[in-house]
Amino acid sequence: SDHMENICGYLMKYTNLVTGWQYRYFVLNNDAGLLEYFVNEQSRHLKPRGTLQLAGAVISPSDEDSHTFTVNAASGEQYKLRATDAKERQHWVSRLQICTQHHTEAIGKNNPPLKSRSFSLASQGSANSPGVQRRPSQNAVSFFNVGHHRLPTGKRVPIMQPDHLVDVREMMSQAEGQQRDLIRSIECLPASGHLTSLDQDLLMLKATSMATMNCLNDCFHILQLQHASQQKGSLPAGTTISWLEPKISLANHFKNGAAQNFPAEINKPASVREEQSIAEPCQLTREPEEINPDEELEDICDDKEDDLGAVEEQRSVILHLLSQLKLGMDLTRVVLPTFILEKRSLLEMYADFMSHPDLFVAITNGSSPEERMIRFVEYYLTSFHEGRKGAIAKKPYNPIIGETFHCSWRMPKSSVATDAGTNSSAHCPSEQVALPKDPEGQAELDCYTVKFVAEQVSHHPPVSGFYAECVERNMCVNAHVWTKSKFLGMSIGVTMVGEGVLHLLEHGEEYTFSLPCAYARSILTVPWVELGGKVNINCAKTGYSASINFHTKPFYGGKLHRVTGEVKQNMTNTVVCRVQGEWNSVLEFTYSNGETKYVDLTKLSVTRKRVRPLEKQGPFESRRLWQHVTESLRDGDIDKATEHKRALEERQRNEERLRAETETPWCTKYFLKDGDGWVYHKPLWKTASAAQTQQTDSN
């Protein structure tokens, strides 16, 4: 064809943020379906510096300008290129698209249909596959009776009966089993030789087979909705049929699919059956439960995440996962591999931000609005260090909807700074705060208690609400956070959307605040966390505010974890305090009178939280809910942890579908919707006001 011409010429290629754009000599080889590039035209006779297979590729003109376009190969590799002008870009794009279409269609023409192809690879898989056990001679086509049949004129499609849906589900389970066997067989191939696990055609086969099963699962769900509507006569009001999140997670295929689906209940561990059999949350009691602090015991769990462990062993899995992601992709619905998880829920991570409750309680002891704002900034900046479990960046469990976490802290009243000064808690040794032993229980009278509760109030979007209060000091904090995560190339960014409000009822003050963004950096080597972005703290009543900047490390030079900020009086625009340092090391506070105070976070005392034993926790409390995943991670059994995690997630999806089909709204337990936010159902500012009113009436 006249359009299938080999073209060549110079284009600019984007390498990375450091190197930037570079001129390279590109050659489009139509016969081979390859896009190759060289350092310059003179080196064309040498081996290409890079090659992309165009079969299955996507050629996209960029929106950022009229010169740039991208070539996204089926393997996941991407070239970002720039022509000299719009006309040259169009010439390259059109020729690349024609070549891509030609070779993509050639793959379909040159390969025989599935009916006549050998499934020898799949037959080498596990004999435990349902498909192998029941119908060893069947291929994927016969499962679904694929064919082109015309319906007789005038005849309607019969309504699908429930037993037909059961048959389809069974067929799909068998197909999923063969698909897992196929993936396992491909991944068991040697890394070098004539046929390897990285063969381009086999990689494409893995991707397309996974996409096919995802689409079939979505179609099956639509059939279920249609069947439910036929029972009622019409679709439920407000029900929408849309493409759902992938039913087959990437992580399940990376581990060869060894233990992801089970042909019979008897093959599942008892703990997995227990996780799947917990009743629909709304059928459990959704009445708020009063937690007795006396039932809580000092936490002895200390799961530091300083060991790379499985992360080092699963480097190829991470590479494969990254190849499936695109820049800016929302990771909310991406199922991540289990081995990158830390051993706690996100709800418990929020609780760990309160590990310095003495600084929290000391806020209300400030003698002036200025001092109280400065104390709040000090507490705020010291909370993030202990909230991280070790230097290695791992991801906490995504809470399932309805999940809750309760805990409390007790600290001696003597450890809390009074209005005499703010330095009493700044240089405590790095020890766990221990309560004095008192057999007659007098220790409780000499202690402050801070109670904490968190609940996952929404699944899509993922929103958590948390609340903490100290009744003795008449103060509480209420917050809601929506975590939005995005893939940024070699890092992952998490935006904390939401707001918190600290109430100092003794002073009638409210402090609104936001949270910084978090970034997991160097995810291919030793992943680590840094914070970034600007946050504001405001008190409308007093007119004091704080502006805090979390600085991300620049590419050249600069310090890690740097933070700067200032506290000012808005009416006079006077800065009363400046702060600088590192949020995980040493902070320096400089006051308007010239005094300087240093806070060494590595030496601050940490108060252990108090948690009820597992046997006293409800089925939807974080530690009991995730206990089998946590135990498996501690034992280093990644497959078993994945199995338990999958059971919990699948149960959540099933419950969500059931609620949609039965038009049952989700009922939260502790938090109530309030505009765009969520508020604890019995906050201290309401109970204190009610108690005061009752006392006034009695007088």
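**View 1. Strand S14 in the predicted model is mostly covered.** Of the 13 residues in S14 (residues 475-487), ten are buried. The model is predicted.

**View 2. Strands S13 and S14 pair antiparallel.** Eight bridges join S13 (residues 463-470) to S14. Within this pairing, Tyr467 stands opposite Asn478 in S14. The hairpin of S13 and S14 has four residues between the strands. Asn474 takes a positive phi there, near 55°.

**View 3. S14 also pairs antiparallel with strand S15.** Here 13 bridges join S14 to S15 (residues 492-504). Ala479 stands opposite Gly500 in S15. The hairpin formed by S14 and S15 has four residues between the strands. Gly489, in the turn, has a positive phi of about 100°.

**View 4. The second largest cavity has a volume of about 180 Å³.** The count comes to seven cavities of 30 Å³ or more. Residues lining the second largest cavity include Tyr350, Phe353, Met354, Phe466, Val477, Phe513 and Leu515. Helix H13 (residues 369-387) gives the largest share of this lining, five residues. By class, the lining residues are eleven nonpolar, one polar and no charged. Ser383 and Tyr379 are among the lining residues.

**View 5. Thr382 is a buried residue of helix H13.** The relative accessible area of Thr382 is 0%. A polar atom of the Thr382 side chain lies 2.9 Å from the backbone oxygen of Tyr379. Beyond residues up to four places away in sequence, Thr382 touches His356, Leu359, Leu587, Val599, Leu601 and Leu604.

Notes
Residues are numbered from 1 along each chain as its sequence is written. This is a predicted model: local features need pLDDT of at least 70, side-chain atom pairs count only at pLDDT 80 or more; totals for chains, interfaces and linings use all residues. Side-chain values use heavy atoms; hydrogens and water are left out. On a 1 Å grid over the protein atoms alone, a cavity is a set of points where a 1.4 Å probe fits but cannot get out, and a pocket is an open set with protein on both sides within 12 Å along at least five of seven lines; lining residues have an atom within 4 Å of a point. Grid points are joined across faces, edges and corners, and a volume is the space filled by probe spheres set on the points. Helices (H or I, at least four residues) and strands (E, at least two) are DSSP runs, numbered from the N terminus. Ala, Val, Leu, Ile, Met, Phe, Trp, Tyr, Cys and Pro count as nonpolar, Asp, Glu, Lys and Arg as charged, and the others, Gly among them, as polar. Buried means under 20% relative accessible area, exposed over 50%, partly exposed in between (1.4 Å probe, protein chains only). A polar contact is a pair of N or O atoms within 3.5 Å; within protein, one must be able to donate a hydrogen and the other to accept it, and residues adjacent in sequence count only if both atoms are side-chain atoms. Contact means heavy atoms within 4.5 Å. Two strands pair if DSSP finds at least two bridges between them.
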